[in-house]
Amino acid sequence: MIAALWGLLACSPGSAPTAPTPRARPSVLLITLDTTRADRLGPYGHPLAETPAYDALAAAGTLFARAYSVCPLTIPAHSSLFTGRYPPSHGVRDNGDFVLGPEAVTLAERFRDAGYRTAAFTAAFPTQSRWGFDQGFDTYHDPLERLPTQLDWRDERPADAVVDDALETLAGVEGPVFAWVHLFDAHWPYEPPEPFKSRHAGRPYDGEIAFAADQVGRLMAAWDAAYPDSVVLVTADHGEGLGDGGEQTHGFLLHDGTLRIPMLLRGPGVPAGQRIPAPVSQVDVAPTLLELAGLAVHEGVEGQSLVGKLGSRQLYSEALTGQFNLGLAPLHALTGDVGRYTRGGWGGWYGLDGPRVLTAPDLSRDASAEDAALTALLAAAQPPDAVPNALDADTLARLQALGYVGGDPLAEAGEVDPRDVIDLVPLTWRVRQALGRGQLDVAEQALVKLETRLAGTFGVDLLRAQQLRALGRRGDAVEALAQLYLRSPGGTLALQLGDLYATAGSWAEARDWYIEALEHNPMSPEAMAGQVRAALALGELIEAEALAERFLAVYPDHAELALVRAELILSAGRTDEALEEAAYALRRMPRSPHALAVHARTLWAAGQADPALARLGEALRLDPTALDHRLLRVEWLLEVGRNAEASRAIAPAARLLPEDAAVRALSRRAEEALAEELGR
Ligand SMILES: [Zn+2]
């Protein structure tokens, strides 16, 4: 079945009939190891490493001792791997707010056009097709599911699952094949499976690398049997700080911990057992693989092939996430034969110790030549029109759970150098983590520290708005978010404002914000669903149905829209159908208070009062500030005569919103019902 599918794909119009017979070309395997530092692998000299697959590759091929990432973040780095272009040229400058645009010419497109079968097997949220990486791939496997038991977003597949997937899909597929396998295991949190956990006790990061290497070994054995004389390149998107420069993870700084990556190349025409000391870059991967496959390197590629002589070069890297997230100075660096120059709030030269760039700057060295070269390089870059990516709450939450923050791509560059405030980054994590767990006092302490050192920055103000919301100070939260929206209008903020008004039951305002969000991002399913919900809540049933029909034509399977459909069916009195639809949506979004509440309402309509109350209780536990859910639950409790519970459930709202008419009326009803019950 799969082989038949491949057969069809090979005949697609993408195949160039004039190209030399594809069978003469070698199959190509590109493996990217997420978050993997070169110096933690055996062939790079780590004495405690357990990476026999990489030892074997280094022996059979060439090892590049000084290979560098262009940006210590998954999405920009992979964009460079696939295009051979630096971030200022392909335009993907941070995780989350950018998508690799359709104008990009990718490795997979080149191979597919040359008659290759192309397949990708990826392990994590930041390498899903939504970021533009599926361009040119016949097959793109990026399945991720959130299980109801998961407490937060853990969007990754372990290496064994990804390798199983690749082996199963490629079984029986004739070459030439271009396959990309992405393994996410070394990314935080470090939780290696046994036996790697025990063998690397106290060094879980090494344990994750050993587990991934073991799976690469399994993949290589099957691959080599199926595709003899193939080209194999193993590299990483970026490394991991592990304390270098004061950074634990990656993203904010430019030092060897996160920039120096493995680069192992093997194949016909590649010398065996060679170690190359010259600096090379991620942008060299695309031209190298094209050349080894006998394909011309296309225009616009900024890297050079690693086959043959390597001249003296200055390799570019950047980290803009501090600017976008915290209003700090952007960091740009050039790494060359004798060291690295990094410019941010201040310029610093970093010398070499063997293949390693030192972590402490040598401020006495004159780096004006490198500084001028950087300026020229940045001035020459012609980025494509930005492809902005309005992040819905869901995407934002998934990125935040991986340690990335929702930023502001319009943020102006600040003066403060990220190197001087890197100790504050864990504080932003602590606030988010504490907010997620409801530890608002812990969040407050960390937030106050952040506000002292980074007053008025977008990222800190956004965290403050989230804290206000968690505290139930909805009005203040709305004002804070609206202020941020004035500074940097975007779909992400508009959606959050819409949701805030919606949970307060202020549907007219909510609708305005959903329409605003749709203007920023006309394809946002969450903004579409919000607009339909608003029409429903405002009693405009005909309008709601018309909108739902239009949006469902675009996204027939979208969970949010399925929920809206459930509400519409429910309001038409078709209870059984509504129950089915709401249950479907809830399975897709098991931790969404809104999905829980709609399911509760369908249960209630079906006469299942106890399950309905339990579901609504779950919704309230997840978002205790949702007033409409609280009021509905109190009404239902009164209706089934659970008066004491009703009285307890309304109490927090009565304390927080003593002036609210609906709260007062329900409060009184609960009191009277309880008094009557006790008086009997
Ligand atoms: Zn990554």
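**Figure 1. The largest nonpolar core of the predicted model.** This core has 190 residues, of which Leu289 and Val532 touch the most other members. Helix 8 (residues 204-226) supplies the largest share of the core, 10 residues. The structure shown here and in the other views is a predicted model. Leaving out residues up to four places away in sequence, Leu289 touches Val28, Leu30, Leu107, Val231 and Leu233.

**Figure 2. Helix 10 (residues 285-292) and the elements that cover it.** Helix 10 is largely enclosed by the rest of the structure, because 7 of its 8 residues are buried. The buried residues are Val285, Ala286, Pro287, Thr288, Leu289, Leu290 and Leu292. After helix 10 comes glycine 294, which has a positive phi, near 75°.

**Figure 3. Alanine 213 in helix 8.** Alanine 213 has 26 other C-beta atoms within 10 Å, and therefore counts as buried, the cut-off being 20 or more. Apart from neighbours within four places in sequence, alanine 213 is in contact with Glu50, Thr51, Pro52, Ala53 and Tyr54. For one of these, proline 52, the C-alpha to C-alpha distance to alanine 213 is 7.2 Å, while the two residues are 161 residues apart in sequence.

**Figure 4. Proline 189 in the loop between strand 5 (177-183) and helix 7 (196-199).** Proline 189 is exposed because 9 other C-beta atoms lie within 10 Å, and the cut-off for exposed is 12 or fewer. From proline 189 to glutamate 208 the chain runs 19 residues, and their C-alpha atoms are separated by 9.7 Å.

**Figure 5. Packing of helix 22 (residues 559-571) against helix 23 (residues 575-588).** The axes of the two helices are 8 Å apart and the packing angle is about 160°. Helix 22 is therefore roughly antiparallel to helix 23, as the angle is over 145 degrees. Their crossing is left-handed. On the helix 22 side the contact is made by Ala559, Ala562, Leu563, Arg565, Ala566, Ile569 and Leu570. These meet Thr575, Glu577, Ala578, Glu581, Ala582, Tyr584, Ala585 and Arg588 in helix 23. The contact contains 10 nonpolar residues, 1 polar residue and 4 charged residues.

**Figure 6. Packing of helix 26 (residues 627-639) against helix 28 (residues 661-679).** Here the axes are 11 Å apart, with an angle of about 25° between the helices. Helix 26 is therefore roughly parallel to helix 28, since the angle is under 35 degrees. Helix 26 passes helix 28 in a left-handed crossing. Leu631, Val634, Glu635 and Leu638 are the residues of helix 26 in the contact, and they meet Ala662, Leu666, Arg669, Ala670 and Ala673 of helix 28. By class, the residues of this contact are 7 nonpolar and 2 charged, with no polar ones.

Key. Residues numbered from 1 in each chain as written. Predicted model: local features only at pLDDT ≥ 70, side-chain atom pairs only at ≥ 80, totals over all residues. Axes fitted to C-alpha atoms, helices over the stretch in contact; angles between N-to-C directions. Helix = DSSP H or I, 4+ residues; strand = E, 2+ residues; numbered from the N terminus. Parallel < 35°, antiparallel > 145°, perpendicular 65-115°, else oblique. Left-handed = near helix turned anticlockwise from the far one by under 90°. Contact = placed C-beta atoms within 7 Å. Nonpolar A, V, L, I, M, F, W, Y, C, P; charged D, E, K, R; others polar. Core = buried A, V, L, I, M, F, W, Y, C linked by C-beta atoms within 7 Å.
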